[in-house]
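Please look through the model shown here with the following notes at hand.

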Amino acid sequence: MANKEDAEPVTGRPRSLRVNSLFSEDELIEDYYDAPPANGGSGWSDHVPSPRPPAPASSGSSPGTLGDRMDGTAAAPLSPTIKAGWLDKNPPQGSYIYQKRWVKLDADHLRYFDTEKDAYSKRFIPVSSISRIASVGDQKFEVVTNNRNFVFRAESDADRNEWIRTLQQIAEERKSKALERTSTSLTTNGAADPADKSGFLELRGFKHKLFVAVAGDKVFLYKNAEDYRLGIGITYIEMNVGNVKEVDRRGFDLTTPYRIFSFSADSDQEKEEWVEAMQQSIAEALSNSEVAERIWAVESNRFCADCGSPKPDWASINLCVVICKRCAGEHRGLGPGITKVRSLKMDRKVWTEELIELFHQIGNAVANQFWAANVPPSEAITPASGSQERRRFLIAKYREGKYRRYHPLFGNQEELDRALCAAVTTSDLAETQALLFCGAAVTCATGDPQCPTPLALAEKSGQRLQMEFLLHNKTSETPRLEVGGSEEKPYSVPLPSVTHNGFLYKTPSMAKPVGERKGQEEFSRRWCTLQDGVLSYYENDRNAVPNGEIKVEEIVCLVNNPPHAHGIESTFEVYIESERLYLFGLESPDSAREWLKSIAKSFVHPRAEELLALDFERIGRLHYKGGLNLERAKEGWFALAGSTLHVCFEDSERQEPLQLRKLQELSIQGDNEVLVLVERRRTLYIQGERKLDFLGWVHAIQKAAGGSGHTLAEQQLTESDVPLLVDRCIDYITQCGLTSEGIYRKSGQNSKTTSLLEMLRRDARSVRLKEGEHQVDDVANTLKRFFRDLGDGLFTGRWGQDWLRATALEDEEAKIGEYRRLLGTLPTVNRATLKALINHLFRVQRFSGENQMNTHNLAIVFGPTLFQTDGKDYKAGRVVEDLISHYVKIFNVNDQEMKKQQDEIMAIMKMREAASSGTQQAGDFICTVYLEEKKTEAEQHVKIPATMTAEELTFEILDRRKIVTKEKDYWSCFEVNEREEAERPLHYSEKVLPILHCLGTESYLVVKKQMSMENMLIYLASRVGDCKHGMMKFREERNLLGLGLSTGFHDRYFILNHTCLRLYKEVRSHKPEKEWPVRNLKVYLGIKKKLRPPTCWGFTVFYENEKHEKQQWYLCCDTQADLREWFATFLHVQNGGALWPSETSKVRASRSPQDSRLGNISLIPLRGNESEMRNSVAAFATDPLTLLRNV
Ligand SMILES: [Zn+2]
């Protein structure tokens, strides 16, 4: 029906022609009934094709647009038609002829049109105004509104009944919805939404003025004001397709692709107002749906790419698929590395011309040809699918790429990359898509120095869409199936959408940490909004275009600075993935806190939301390794609050607090690459993938892990809540000062005490007190000084007097009871510290024979110190004296503890005896060694002199336990690594002390029989030649610092000769793949179960090269015999052939009974060559204890 002229653009159309195409005058005759159109039924039905109005940039870019509009559905894109069909409408007054009308029902309106092609109705009846639908005989039915009835006649009873049922259902739904809302005044009386502007306007073609209402994104036409009130109108115009132009003083045109409405207002002034109102309506309509409209112009984009829901208004901009809201929620859960979710309607800025075009070229059709090439019907989802089903499907589809159409080059990285470089220079986006998501690297090297990346190649070839596609997939991950059930992946919850806005002060973003204080003048005031996952800052609150923006998914860390850190009272820092930081400030601490909470909430993963409740100084995500599995770095969420680091590990349900002051170790490995935190139960490696935020974390954690003040609770603590400083001093005095005369009474050097105390206060963890370096009296004085200066004192200001008063109690039992009660009132740290100190003093007085410090003397010294008095009040000393005297009762010390203490004192006394002989060497170590297995009963404390060998240690332990060794009992000392579930028998000649020094917290020494020694010796004696070769299963574990994955066990061929171990890919290989010098290998028996070794006969091998770089790998043998032979060969090669001292049994048998003078000290068996033996015997004669040191 569109003639040639109609096809011309509206702008070029003569006004005279338009008159013909407008309403007929007859429309106005109609009162309760419509009049037939006078101009041969053309009425509204003319179509004026036009370029899409106010977005010139988009014209012509979507060839399908116009055709789609022609079907009339595009005029109401947001309310899909529920039912449509031809019906006869009751004749208007004065006529007997039924009029054939195209009747259309959507969720909001019942409308009728002259023809099915029309965009504009002759009448619309809001569903909300329908009160009843009734059958009235002769295939007719009646639609009853508040005060008007409309009668329609269907072609059959069935058709009529179908209409009635549908109408009733929709009307019911609308009513129940209306009831849910509280403000229903407008909807119930049937009127449209409150209008932005309403009033009478002349419309060309109409004799009388129409009542026109501009409301939201629509313009409604009513015959009169009464109809407007009732809500029953002629038609409405969707303004997303509108354009307004002033024509003359009072006239203006509203142009749509289907029709031009020429209005005329009463005055100049009125016209201005109408034009402005309509322009605003257009703006509103466009802001909502322009992008959606354009994307939907392609048929396949009108249904969710994943579940098929109609009108999907979200999209994944890297996958180029249009998706529904529910699928979008699940997409977000996959993370931005898989899919970047944006709204078609809200994220206006992201939708560039290129991106929209890309959605026309790829979009759901092309994307699904690739992603959904092989979806089994049983796994597909529908609009009705639940969120779990959806999630499972989307993970399989996009993260695992399960239904992909595999590119023929799949698996061949080089070829894939080469093909990508070729594809990006063509317009074949489907090929690029297939290559990229089958593993081609988006940043692969092109080999072209002018265009080093595929992106540069695409640019050079002028392929804008290829560039756009590559850009959005710059950080995309290649889909891959992961072992271990991806459903349990914790990323399945979408981030909450947080909205916040207001003025903030802001400095330019930085690539370095904020070094110095920023003055107020360095901040600029900016209007900031946090919305839809973007933090934007604008010049002011009137600007529409932001100066810049930060996507919350790129935020990695948020830092709350202490007040007045900069010229503005409250400041905070936002760190993003690409190593930049933004400094924001506010005058009001309350508003700053609100901003912090909002930003944190917007980027912290829901599984870590527990952290949001903390008063954090710093919150963010970091990669870490820890626990049993050190292969793969995981992402954790961390929050630092006070001296506690709260961590949400990847695989745990709840956050776990790490008491930083109680860490055993805190160090940095590599070049500021890994922060190592050792707690009693675990070791955590935090990795610095990005420098900027990582360094911030390192400094903050170091600071929080240090002592912060002068009260007890502010110190670094041991696991049992004793300040590390106190523990270090007590330990040192115990090791070196128990027998020192006048200990704690003699004063040390003031300057040394001062500096030592300062050092310990700053970071006791890193201070090692060493004999020779530190004087006993300096350390003793440091401890006293610490207590004397302690904020609030050990007994606390509140309860101190009560302790002093307790001394007046005459009844001993009552007094002890009172002390115990008071002990119970002390804070945990004070109580633990008091117990540790009194325990120590209890020991010191045990040595009063040597040190002259009995309980009374100690009390005189410590009373005033602990109570921080001048010493005139004798009661202070009395408390300390009582506490030492009744130590066991007051502190409830049990027998086992006493026994242990007794043993320790014995060991120390022995040591001191040795020392008093004048040959004590510095650096001796007391260490715990177990007999046969690790349990308390099997514990032995042994002093390890620098020269002690594994064999000597073994005999020492056996002697203590009075174990008589038999022939072929190969007692050895083993180093057991609990973490690796592996152990290594020490060679008999190996020195123990160096091993102790590198023993981690997860390792210990145990003395037990070496069961396979006999067989190893037989094997070595019987074999031919001194190398071994054969197949073993090999598994590499990358360096701890690396992020790589282990690859599992693979068969490899090995040759071990007297200098090195070589690995060959297979038996026939000529060149070894790897080669290690044997002397740098440490071979342990056993492989941790976690790695699922293929057999139970395996080794864990540590390799350290000259540069101290460490590697760790695993070898697995097929049989036990094979394992034994390999191990024997290793030992043989590493120890020059001697696995076992040949004369052992003989020497052992000759051991003499213990010398009574030495108490429990063992005698060292004599061995070695004759001259050594002679020397030893000579030494023994003069001083038997030298044997402990110089065999
Ligand atoms: Zn969907």
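V976 stands opposite Y1004 in β36. The strand β36 covers residues 1003-1009, and β34 (residues 971-977) pairs with β36 in the antiparallel sense over seven bridges. Strands here are DSSP runs (E) of at least two residues and helices runs (H or I) of at least four, numbered from the N terminus; two strands pair if DSSP finds at least two bridges between them. Five of the seven residues of β36 are buried, where buried means under 20% relative accessible area, exposed over 50% and partly exposed in between, with a 1.4 Å probe and protein chains only.

This is a predicted model, in which local features need pLDDT of at least 70 and side-chain atom pairs count only at pLDDT 80 or more, while totals for chains, interfaces and linings use all residues. Residues are numbered from 1 along each chain as its sequence is written, and side-chain values use heavy atoms, with hydrogens and water left out.

Next comes the metal site. C304, C307, C324 and C327 coordinate the zinc ion through their SG atoms at 2.2 to 2.4 Å; donors are N, O and S atoms within 2.8 Å of the metal (3.2 Å for Na, K and Ca). In sequence the donor residues follow the spacing C-x2-C-x16-C-x2-C. C304 lies in the loop between α6 (268-296) and β15 (314-316), and C324 in the loop between β16 (321-323) and α7 (325-334), so the pair ties together parts 20 residues apart in sequence. C304 is buried at 5% relative accessibility, and C324 is buried at 7%.

Elsewhere, R621 sits in strand β25 (residues 618-626) and is buried at 11% relative accessibility.
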